[in-house]
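Student: Could you take me through this structure? I would like to begin with the overall picture and then look at individual residues.

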Amino acid sequence: MANILLIEDDPIFRDMLGEMLSRGGHQVRTACDGEQGLDMAKSQEPELIITDVLMPKMDGIETVIALEKAGIRAPIIAISGGRRSISPAFNLESATLMGVKATLTKPFTWADLRQAIDKVL
């Protein structure tokens, strides 16, 4: 299975999603924001990165750009539930333009996540 870096600012969702991935046989490391995720990706390049789009400090779009500049070539799945007046669709379209390989709108099912992982790996 894959070595996955999960970047998600919501601690409850991050823990739940990390547990789902681990139970699916993946090795999972988690980061609470884009800055921490970028540092972790540089120190031990993951096979797959799953990142939220809307986060403090460094959002998912900035993180995708920084990963590319750092030479991290792991495929990326962007996830978003939207916030206030910003829809998940807008966030995920922006992420797609930045080169992510798959997108998921929160909430999503384990089957949706498995399908996205299979698609990008």
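Tutor: We can go from the overall fold to single residues, bearing in mind that this is a predicted model.

Student: How many helices and strands are there in the protein?

Tutor: The protein contains five helices and five strands. Starting from the N terminus, the order of the elements is β-α-β-α-β-α-β-α-β-α.

Student: And how does the radius of gyration of the protein sit with the globule rule?

Tutor: The radius of gyration is 13 Å, close to the 14 Å that the globule rule gives for 121 residues, so the protein is as compact as a globular protein of that length. The C-alpha trace spans about 35 × 30 × 25 Å along its principal axes.

Student: What share of the residues is buried?

Tutor: Of the 121 residues in the protein, 46% are buried. The accessible surface is about 6,300 Å², and carbon and sulfur atoms contribute 51% of that surface.

Student: What about contacts between residues 24 or more positions apart?

Tutor: Such residues account for 67% of the contacts with a separation of 6 or more.

Student: Changing topic, how many positive and negative side chains does the protein have?

Tutor: There are 13 positive and 17 negative side chains, and the centres of the two sets are 1 Å apart.

Student: How many aromatic pairs turn up in the whole structure?

Tutor: The search finds one aromatic pair. Its members are Phe13 and Phe108, arranged edge-to-face, with 5.9 Å from centre to centre and 85° between the planes.

Student: Where in the chain do Phe13 and Phe108 lie?

Tutor: Phe13 belongs to helix 1 (residues 11-23), while Phe108 is in the loop between strand 5 (102-105) and helix 5 (110-120). They are 95 residues apart, and the pair thus links distant parts of the chain.

Student: Are Phe13 and Phe108 buried or exposed?

Tutor: Both Phe13 and Phe108 are buried.

Student: Which peptide bond is cis?

Tutor: The bond joining Lys106 and Pro107 is cis, with omega about -5°. Pro107 lies in the loop between strand 5 and helix 5. As background, most peptide bonds are trans.

Student: Why does Lys57 count as exposed?

Tutor: Lys57 counts as exposed because its relative accessible area is 64%, and the cut-off for exposed is over 50%.

Student: Now Val28. Which residues is Val28 in contact with, leaving aside neighbours within four places in sequence?

Tutor: With those neighbours set aside, Val28 is in contact with Ile4, Leu6, Gly18, Leu21 and Ser22. Val28 sits in strand 2 (residues 27-31). Val28 and Ile4 are 24 residues apart in sequence, and their C-alpha atoms are 4.9 Å apart in space.

Student: Why is Val28 called partly exposed rather than buried?

Tutor: Val28 has a relative accessible area of 21%, so it is partly exposed; buried means under 20%.

Student: Last one: how far is Thr105 from Gly71?

Tutor: Thr105 and Gly71 are 27 Å apart in space, C-alpha to C-alpha, and 34 residues apart in sequence. Thr105 is in strand 5. With a relative accessible area of 39%, Thr105 is partly exposed.

How values were computed: Residues are numbered from 1 along each chain as its sequence is written. This is a predicted model: local features need pLDDT of at least 70, side-chain atom pairs count only at pLDDT 80 or more; totals for chains, interfaces and linings use all residues. Side-chain values use heavy atoms; hydrogens and water are left out. Helices (H or I, at least four residues) and strands (E, at least two) are DSSP runs, numbered from the N terminus. The radius of gyration is taken over C-alpha atoms; the globule rule is 2.2 Å times the number of residues to the power 0.38. Buried means under 20% relative accessible area, exposed over 50%, partly exposed in between (1.4 Å probe, protein chains only). Contact means heavy atoms within 4.5 Å. Accessible areas come from the Shrake-Rupley method with a 1.4 Å probe; for residues, only the protein chains shown count as cover. Lys and Arg count as positive and Asp and Glu as negative; His and the chain ends are not counted. The place of a charge is taken as NZ of Lys, CZ of Arg, CG of Asp or CD of Glu. Rings of Phe, Tyr and Trp (its six-membered ring) pair if their centres lie within 6.5 Å; planes under 30 degrees apart count as stacked, over 60 as edge-to-face and the rest as tilted.
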